[in-house]
Amino acid sequence: MAANATENKPKPGLRKPVFVKVENLTPGTNGHTLIVKVLESNTVLQKGRSVSPHLRNTLIAECLVGDETGTILFTARNDQVDLMKAGVTVILRNARIDMFKSTMRLVVDKWGRVEVTEDAAFEVKQGNNLSLVEYELVNVEE
């Protein structure tokens, strides 16, 4: 009878992703899944041949990505850089917001995934770049 009770329980599986829009991103948040178009991609750091042979090369690009609600800078690392070509539509899974010089950057680390998908039907709203908004950390005394 105990074996039968465990068979009726739903198996813990993957949650259905909840897609968010760029305009809803806020500092210090994570677990975002978005569909965005890549507008531009600029390599900002390229290090080859490190001091130690077992350390791999580092490649970082800042990519302007967006949807119909706004744009934000996405920091692509290593293999992600090859996927982030201008004009491509990508799904960013388990993305988080990092702060860089008081502005927001979208990042996908080892716990997330960047997937190229079919072209999205939306037109990117370019007047609302969330990475141009500066934030200030304020401590609130209670």
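**Terms for the views.** A residue is called buried when its relative accessible area is under 20%, exposed when that area is over 50%, and partly exposed in between. The structure shown in every view is a predicted model.

**View 1. Thr26, a partly exposed residue in a loop.** Thr26 has a relative accessibility of 38%, and therefore it counts as partly exposed. The residue is placed in the loop that runs between helix H1 (2-8) and strand S1 (32-47). When neighbours within four places in sequence are left aside, the contacts of Thr26 are with Ile97 and Met104. The view also takes in Leu130, which is 104 residues apart from Thr26 along the chain, although the C-alpha atoms of the two residues are separated by 9.1 Å.

**View 2. Arg105, a buried residue in strand S5.** Strand S5, which spans residues 103-107, contains Arg105. Because its relative accessibility is 9%, and the term buried applies under 20%, Arg105 counts as buried. If residues up to four places away in sequence are not counted, Arg105 touches Glu62, Leu73, Thr75, Arg96, Ile97, Asp98, Phe100 and Ser131.

**View 3. Polar contacts made by the side chain of Arg105.** The side chains of Arg105 and Glu62 are joined by a polar contact of 3.2 Å. A polar contact of 2.8 Å links the side chain of Arg105 with that of Thr103, and Thr103 lies, like Arg105, within the residue range 103-107 of strand S5.

**View 4. Lys37 and the ring of Phe122.** The charged end of Lys37 sits over the ring of Phe122, at 5.4 Å from the centre of that ring. As for pairs between aromatic rings, the structure holds zero of them.

**View 5. The whole protein, as a setting for the close-ups.** The protein has two helices and six strands, and these follow one another along the sequence in the pattern α-β-β-β-α-β-β-β. Among contacts between residues at least 6 apart in sequence, 62% join residues that are at least 24 apart. The protein exposes about 10,100 Å², and carbon and sulfur atoms supply 52% of this area.

Key
Residues are numbered from 1 along each chain as its sequence is written. This is a predicted model: local features need pLDDT of at least 70, side-chain atom pairs count only at pLDDT 80 or more; totals for chains, interfaces and linings use all residues. Side-chain values use heavy atoms; hydrogens and water are left out. Helices (H or I, at least four residues) and strands (E, at least two) are DSSP runs, numbered from the N terminus. Buried means under 20% relative accessible area, exposed over 50%, partly exposed in between (1.4 Å probe, protein chains only). Contact means heavy atoms within 4.5 Å. A polar contact is a pair of N or O atoms within 3.5 Å; within protein, one must be able to donate a hydrogen and the other to accept it, and residues adjacent in sequence count only if both atoms are side-chain atoms. Rings of Phe, Tyr and Trp (its six-membered ring) pair if their centres lie within 6.5 Å; planes under 30 degrees apart count as stacked, over 60 as edge-to-face and the rest as tilted. A charge sits over a ring if NZ of Lys or CZ of Arg is within 6 Å of the ring centre and within 35 degrees of the ring normal. Accessible areas come from the Shrake-Rupley method with a 1.4 Å probe; for residues, only the protein chains shown count as cover.
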